[in-house]
Amino acid sequence: MSGRVSIDHPELREFWTERHLCTLTTLRADGSPHVVAVGATLDPATGLARVISSSTSAHVRHVRAGQARVAICQVEGPRWATVEGLAVVRDDPESVAEAVERYAARYRTPRPNPARVAIEITVTKILGSSRFTS
């Protein structure tokens with residue numbers, strides 16, 4: 001049965017190192033969901049998820065406008081996990097560099113983007129498939 005998952009679950013941690021695209025859901029000002037495909041990373045040691053993006057993207061604007069509640073979902077066959085949390089946009093060089101390094105380790109080195117920012121999500125809840133709840 002699917003349900004709440006511990007960030008320390010070994011199979012969940014492994015799942016978040018495999019190369020899978022995710023969806024990031026942010027909320028528009030009217031409360032409706034905005035869903036985009038992203039690459040995301042999960043750092044169980046700090047309880048943070050990260051997404052790199054351009055400072056001009058809609059999801060970055062939503063977070064900056066105060067819509068901090070977000071969700072990242074990853075699916076591969078019968079396995080799925082949704083990470084929920086509170087997001088902030090980081091534009092300082094150290095935070096962006098760390099997010100890029102983590103992204104590159106999971107996916108590939110991203111193309112240069114002088115407008116790059118990092119969306120940093122403090123994880124508040126993880127839901128997942130039965131594989132991660134046992």
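Buried means under 20% relative accessible area, exposed means over 50%, and partly exposed lies in between (1.4 Å probe, protein chains only).

**Entry 1. Basis.** I note that this is a predicted model, in which local features need pLDDT of at least 70 and side-chain atom pairs count only at pLDDT 80 or more, while totals for chains, interfaces and linings use all residues. Residues are numbered from 1 along each chain as its sequence is written, and side-chain values use heavy atoms, with hydrogens and water left out.

**Entry 2. Salt bridges.** I looked up the salt bridges (a side-chain nitrogen of Lys or Arg within 4 Å of a carboxyl oxygen of Asp or Glu). The structure has ten of them. I record one between the side chains of Glu 11 and Arg 131, at 2.7 Å from N to O. Glu 11 belongs to helix 1 (residues 10–15) and Arg 131 to the segment after strand 8 (116–128), so this pair ties together parts 120 residues apart in sequence. For these elements, helices (H or I, at least four residues) and strands (E, at least two) are DSSP runs, numbered from the N terminus. Glu 11 is partly exposed at 32% relative accessible area, and Arg 131 is partly exposed at 44%.

**Entry 3. Glu 98 and Arg 50.** I next examined the salt bridge between Glu 98 and Arg 50, whose closest N and O atoms are 3.4 Å apart. Glu 98 sits in helix 3 (residues 93–106) and Arg 50 in strand 5 (residues 48–54), so that distant parts of the chain, 48 residues apart, are linked. Glu 98 is partly exposed, with 34% relative accessible area, whereas Arg 50 is buried at 6%. Both residues belong to a network of salt bridges that also links Asp 43 and Arg 102.

**Entry 4. Glu 120 and Arg 90.** I found a further salt bridge joining Glu 120 to Arg 90, with 3.1 Å between the closest N and O atoms. It links strand 8, which holds Glu 120, with strand 7 (residues 79–90), which holds Arg 90, across 30 residues. Glu 120 is buried at 14%; Arg 90 is partly exposed at 31%.

**Entry 5. Strand 5.** Which strands pair with strand 5? I took two strands as paired if DSSP finds at least two bridges between them. Strand 4 (residues 40–43) pairs with strand 5 in the antiparallel sense over four bridges, and Ala 40 has Val 51 as its bridge partner. The two strands form a hairpin with four residues between them, and Gly 47 in the turn has a positive phi of about 70°. Strand 8 also pairs with strand 5 in the antiparallel sense, over seven bridges; there Ser 54 stands opposite Arg 116. Six of the seven residues of strand 5 are buried, so the strand is largely enclosed by the rest of the structure.
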